[in-house]
Amino acid sequence: MGKYVAKRIIQLIPTLFFVILTAFLLMKLIPGDPAMILLGPQARAEDIARFRQQLGLDRPLPVQFLIYLKRVLMGDLGISLVYRQSVLSLILERLPVTITLSLCALVIAVSIGIPAGVMAAMKHNSFIDLLVTILALMGLSMPIFWFGMMLIIVFSLELGWLPAVGLGDPTKGLWDVVSHFILPSLALGILSTGTIARFTRSSMLEVLNQDYIRTAYAKGLRRTLILYRHALRNALVPVITVIGLQLGNLLAGAVLTETVFALPGLGKLMVDGIFRRDYMLVQGEVLFTAILYIFVNLAVDIAYAFINPKIRQTYRGV
Amino acid sequence: MKRLAVSLIVLAFFASLVAAPSYDSVIRVGSDQNPTTMDPAMYQDLASAQVMRNVFETLVAYDADVKQIHPLLAESWEVSPDLKEWTFKLRKGVRFQKGKFQDGREVTAEDVKYSFERAITISPMVRLYMVDHVEVLDRYTVKVVLKYPYAPFLTVLTDVGAAIVPKEECEGWKDQFTLHPVGTGPFKMVEWVKDSHMVFERNEDYWGERPYLKQIIYKFIPDKSVLTMALLSGEVDITSDVLDQDIPKLNANPNVQAMAVGGCNVYAVYMNSMKGPTTDKRVREAFFRGIDIEQLVKVIFPNGTGIAAYGPIPPGSWAYNPNVKSFYTGYDPEKAKQLLKEAGYDGKPVKMTIYTPEDPNRRKAAVIIQSMLKKVGFEIEVQSLEWGSFTAVTSKADADAYTIGWTWYPDPEFFIFYMFHSSRKGTYGNGGGYNNPEVDRLIELGESSVDQEQRTQYYRKAEELIMKDLYYFPLWHKLVVNGVNKKVRGYKPSPDMMIRLYAPGTNVWVEK
């Protein structure tokens with residue numbers, strides 16, 4: 001197991017280098033001079049030159065990259081042009097909101113998606129199966145932006161049950177905080193619910209057709225025992241991978257959700273950064289998110305290997 | 001009759017009881033823009049400027065109409081005949097808010113010198129670049145010497161970027177000053193959760209009239225439609241910007257109203273004066289005559305939050321000319337066709353490209369222009385570009401035409417100089433390369449006079465010449481529209497989009 005983990009981590013190094021290089025080049029490829037845009041219409045040529053020099057934009061590209069690489073390796077993502085604050089500190093300030101939102105959405109997705117998928121598989125080709133499939137497809141194809149708006153209109157504006165936007169105030173009690181997360185988590189979670197339900201359904205169907213299930217039935221075991229002990233356990237193994245990958249998607253989906261619900265998370269920081277043309281911030285955030293994604297994937301792979309001994313075996317004695 | 005008079009007086013008495021402002025109201029402001037800094041020297045955006053005004057004050061300030069400049073920290077001022085030396089007498093007894101590094105000491109001329117020099121040195125937008133140096137004459141008198149005569153200097157001083165800050169706090173906190181802002185203003189910042197909300201409380205030691213508001217809470221909601229929903233559901237009392245399509249929703253709700261004022265902004269099409277088909281005046285005139293501007297504006301703003309523009313100076317500016325429409329060619333498609341024929345485009349269309357950034361309204365406008373002008377003989381391609389590419393292409397006069405959006409101080413200088421002076425060629429403002437020596441001369445005259453009436457004449461004359469040259473096709477001025485809960489009292493929107501809760505002549509409160 002240790003060897004497997006080590007190997008997976010070493011494999012990450014070229015990936016990370018490539019990610020850093022891409023983040024750097026992406027920002028260079030974007031047209032327009034950041035100095036000119038940031039200094040605004042009244043700036044004179046000498047101000048722009050001074051600003052470019054301050055940012056090191058006047059140096060050759062490979063030199064700029066080496067400086068950037070060295071900084072990134074030391075955990076320095078640069079200084080935001082607009083906020084004049086370290087990009088990493090800006091990101092870390094907002095990370096808890098995004099993580100909370102993504103995890104809540106994941107909990108919603110899992111707790112609706114898995115039972116729905118299991119039910120659909122057990123009542124294969126029935127009305128329920130059809131309903132789950134249709135709903136899952138709707139969830140998958142619903143734009144977060146639109147769905148979020150609809151949630152606000154129904155639950156805040158019409159019914160007045162839940163607050164529409166912003167973070168709760170912890171001094172007003174736990175409910176205030178929780179209530180502010182319900183609608184955004186639903187809006188975000190609905191996307192993954194569909195995926196997880198569909199995946200659970202097909203995985204469960206596959207398992208239910210396996211010989212050992214038939215054997216279990218033949219032995220006269222109770223149906224519920226067969227379903228939950230034997231079938232579900234095995235069916236869930238691939239679902240876990242999907243859940244892990246969904247976490248990555250949720251982090252990405254948070255960009256829109258946070259904008260609709262005015263939550264101060266990474267997504268909102270990114271959108272603001274793009275609109276303000278804060279190149280350093282966007283670059284830093286792209287990199288940070290990519291690294292986060294890579295590590296979530298690593299964690300999923302390791303967890304998967306832990307659950308499924310077959311994968312570990314491949315690396316034994318290598 | 002007598003009875004009626006008595007009952008009227010009684011009624012008026014009760015009405016005044018109901019409407020009497022109290023000193024304990026709290027207001028919640030919803031803003032679609034998110035402040036980035038609380039350090040006046042560092043700010044670059046409207047949202048930051050707006051919240052900073054609670055804490056910081058300038059020597060002079062605009063009222064809510066942004067027409068009149070009022071004394072604030074300066075009681076009076078004088079300017080030398082050459083418009084280069086500006087001397088300010090400071091108000092006595094104004095104290096800074098208490099902070100970590102000073103205990104509410106009095107503001108003196110040294111603070112003005114320090115604040116201006118700080119703004120010149122560290123401001124990323126090169127604020128106060130026209131200032132040569134600042135002299136302290138005595139404890140309450142300060143002289144600002146400019147590099148060249150500059151009439152709009154007072155307007156520049158109304159900008160919160162030129163606010164007076166305490167040296168001890170700036171040096172003590174260094175780059176953390178933005179998180180611990182201390183000024184002379186009517187409110188103190190007590191909480192700032194980035195991207196989420198901000199809380200200000202009344203400064204009980206404030207030198208001026210006591211604010212009615214005890215607390216101001218800003219909530220930052222980036223999506224304008226959601227912002228309107230927050231107003232309708234009562235989560236906020238004022239919203240920064242109402243979309244045209246949301247106006248009916250506000251009108252249908254008895255608790256809120258849309259308040260509007262002519263804005264300090266202009267949207268237009270700028271044509272290339274250096275190359276391409278638009279160098280021919282007949283082509284430009286055909287362009288002007290081929291577009292039904294009233295119709296275009298009606299399509300883009302069906303609920304009336306934009307009005308057709310006929311010149312570059314917006315209605316929010318004191319130099320706005322109510323007769324500006326008389327310089328306009330008018331809509332006449334037949335004449336347009338004939339002009340193109342004269343210009344040698346008989347049978348073949350004028351091919352040109354209009355560039356537009358990713359602003360939905362401007363993109364829509366470009367498409368409407370494309371279809372309107374097709375009927376008179378143009379074949380227009382619409383290119384929508386991301387902002388960086390857009391400014392890169394347009395500022396180098398590489399575009400046949402581009403849609404420009406411009407918003408700034410209410411002084412006409414900022415709408416005429418930056419867009420039409422020949423020295424501004426190669427910038428986004430004058431990306432068409434417009435060059436008219438007579439316009440240059442009028443602009444320079446406008447810069448070197450302090451008489452507002454006289455300046456108005458210079459700029460209006462310049463505007464007339466610009467419109468006659470037909471390089472600049474004005475599209476619309478957007479109204480500044482705030483969504484306001486009817487419980488909010490004493491508020492009016494400002495043409496520069498700033499939500500002013502406390503300003504000369506304004507002291508907002510909220511009814512219970």
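Throughout this tour, a residue is called buried when its relative accessible area is under 20%, exposed when that area is over 50%, and partly exposed in between, using a 1.4 Å probe and protein chains only. The model is predicted, so local features need pLDDT of at least 70 and side-chain atom pairs count only at pLDDT 80 or more, while totals for chains, interfaces and linings use all residues. Residues are numbered from 1 along each chain as its sequence is written, chains are lettered from A and ligands numbered from 1 in the order in which they are written, and side-chain values use heavy atoms, with hydrogens and water left out.

**Stop 1**

Arg28(B) sits in strand β1 (residues 25–31) of chain B and Asp237(B) in the loop between α6 (224–232) and β11 (238–239), so the pair ties together parts that are 209 residues apart in sequence. Helices here are DSSP runs of H or I with at least four residues, and strands are runs of E with at least two, numbered from the N terminus.

**Stop 2: two further pairs**

Move to Asp65(B) and Lys492(B), whose side chains meet in a salt bridge at 3.4 Å, N to O. This pair links distant parts of the chain, 427 residues apart, with Asp65(B) in the loop between β2 and β3 (69–71) and Lys492(B) in the loop between β19 (488–489) and β20 (502–503) of chain B. Asp65(B) is partly exposed at 30%, and Lys492(B) is partly exposed at 38%.

Next, select helix α15 (residues 452–469) of chain B, where Lys468(B) and Glu464(B) lie four residues apart, about one turn of the helix. Their side chains meet in a salt bridge at 2.9 Å, N to O; Lys468(B) is partly exposed at 45%, whereas Glu464(B) counts as buried at 17%.

**Stop 3: Thr58(B)**

Thr58(B) is found in the loop between α2 (46–52) and β2 (60–62) of chain B, and it is buried, with a relative accessible area of 2%. Show its contacts (heavy atoms within 4.5 Å): leaving aside neighbours within four places in sequence, they include Leu72(B), Leu157(B) and Ala163(B). The side chain of Thr58(B) also reaches the backbone oxygen of Val60(B) at 2.7 Å.

**Stop 4: the two domains of chain B**

Colour domain 1 (25–255 + 486–510) and domain 2 (265–479) of chain B separately; these bounds come from an automatic or database domain assignment. Their C-alpha centres lie 33 Å apart, and 19 residues of domain 1 are in contact with 22 residues of domain 2. Across this interface the rule finds zero salt bridges.

**Stop 5: chain A**

Finish by selecting Phe17(A) in helix α1 (residues 2–29) of chain A, where this residue is partly exposed at 43% relative accessibility. Leaving aside neighbours within four places in sequence, Phe17(A) is in contact with Phe65(A) and Leu69(A). To see both chains together, select Glu93(A), Arg94(A), Lys194(B) and Asp195(B), which are linked in a network of salt bridges.

Note on methods
Salt bridge = Lys/Arg side-chain N within 4 Å of Asp/Glu carboxyl O. Polar contact = N/O pair within 3.5 Å; in protein donor to acceptor, adjacent residues only side chain to side chain.
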